[in-house]
Amino acid sequence: GIGVRILDPPEAYEQLVLGQGGESVPPGEPEVEDESTPALHAFRVRLSRRGSPRSRTLSLQAADEEAARKRIALELSEWEILELEKL
């Protein structure tokens, strides 16, 4: 795969990353995964905006199905989960 690294991220980007529970890693220092970090699984989610007949499909990563549902509830509260499938 191809990896991308932002060398001089703007402050707004840092706030976005930190706001999602991530930790800032200074440039040049590789991110090391420790054993206490749970493995992430990929999920496909079909969502519908409340009151709308149209739906959207997205993919996300989470530790388990419950964590995926919580993340959607927090970040996409105006959307309803129609289907959640572990990939």
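How many salt bridges does a search of the whole structure find? The search finds 6 salt bridges, in a model that is predicted. The protein chain has 87 residues, of which 11% count as buried, and its secondary structure consists of 2 helices and 3 strands.

**Overall architecture**

- Read from the N terminus on, the elements of the protein chain follow the order α-β-β-α-β, with helix α1 covering residues 11-19, strand β1 residues 41-49 and strand β3 residues 79-86.
- Among the contacts in the protein chain with a separation of 6 or more, 45% are between residues 24 or more positions apart.
- The protein chain exposes about 7,300 Å², and carbon and sulfur atoms supply 50% of that area.

**The nonpolar core**

- The largest nonpolar core is made up of 9 residues, namely Phe43, Val45, Leu47, Leu60, Ala62, Ala68, Ile72, Trp79 and Leu84.
- In soluble globular proteins, nonpolar side chains tend to be buried together.
- Leu60, one of the core residues, touches His41, Ala42, Phe43, Val45, Ala68, Arg71 and Ile72 when residues up to four places away in sequence are not counted.

**Salt bridges between separate parts of the chain**

- The side chains of Arg46 and Glu83 meet in a salt bridge, with an N to O distance of 3.2 Å.
- Because Arg46 lies in strand β1 and Glu83 in strand β3, this pair ties together parts that are 37 residues apart in sequence.
- Both partners count as partly exposed, Arg46 at 31% relative accessibility and Glu83 at 45%.
- A further salt bridge joins the side chains of Glu78 and Arg49, at 3.9 Å from N to O.

- The side chains of Arg71 and Glu75 form a salt bridge with an N to O distance of 3.5 Å.
- These two residues are 4 positions apart in helix α2, which means that about one helical turn separates Arg71 from Glu75.
- Arg71 is partly exposed, with a relative accessible area of 33%, and Glu75 counts as partly exposed at 46%.
- Arg71 is also one of the residues that Leu60 touches, while Leu60 itself belongs to the largest nonpolar core.

- Ser48 has its place in strand β1 and is buried, because its relative accessible area of 9% falls under the 20% cut-off.
- The side chain of Ser48 reaches the backbone oxygen of Ser52 at a distance of 3.0 Å.
- Leaving aside neighbours within four places in sequence, Ser48 is in contact with Arg54, Ser55, Glu78, Trp79, Glu80 and Leu82; of these, Glu78 is a partner in the salt bridge with Arg49, and Trp79 is a member of the largest nonpolar core.
- Gly51 sits in the loop between β1 and β2 and counts as exposed, at 88% relative accessibility.
- The C-alpha atoms of Gly51 and Trp79 are separated by 9.3 Å, although the two residues are 28 residues apart along the chain.

**A nonpolar patch on the surface**

- Ile6, Tyr13 and Leu16 form a nonpolar patch on the surface, and together these residues have about 270 Å² of accessible area.
- Tyr13 is found in helix α1 and is partly exposed, with a relative accessible area of 34%.

Key: Residues are numbered from 1 along each chain as its sequence is written. This is a predicted model: local features need pLDDT of at least 70, side-chain atom pairs count only at pLDDT 80 or more; totals for chains, interfaces and linings use all residues. Side-chain values use heavy atoms; hydrogens and water are left out. Buried means under 20% relative accessible area, exposed over 50%, partly exposed in between (1.4 Å probe, protein chains only). Contact means heavy atoms within 4.5 Å. Accessible areas come from the Shrake-Rupley method with a 1.4 Å probe; for residues, only the protein chains shown count as cover. Patches are made of residues with over 30% relative accessible area and no salt bridge: like charges are joined within 9 Å, nonpolar side chains (Val, Leu, Ile, Met, Phe, Trp, Tyr) within 5 Å. A salt bridge is a side-chain nitrogen of Lys or Arg within 4 Å of a carboxyl oxygen of Asp or Glu. A nonpolar core is a set of buried Ala, Val, Leu, Ile, Met, Phe, Trp, Tyr and Cys residues joined through side-chain atoms within 4.5 Å. A polar contact is a pair of N or O atoms within 3.5 Å; within protein, one must be able to donate a hydrogen and the other to accept it, and residues adjacent in sequence count only if both atoms are side-chain atoms.
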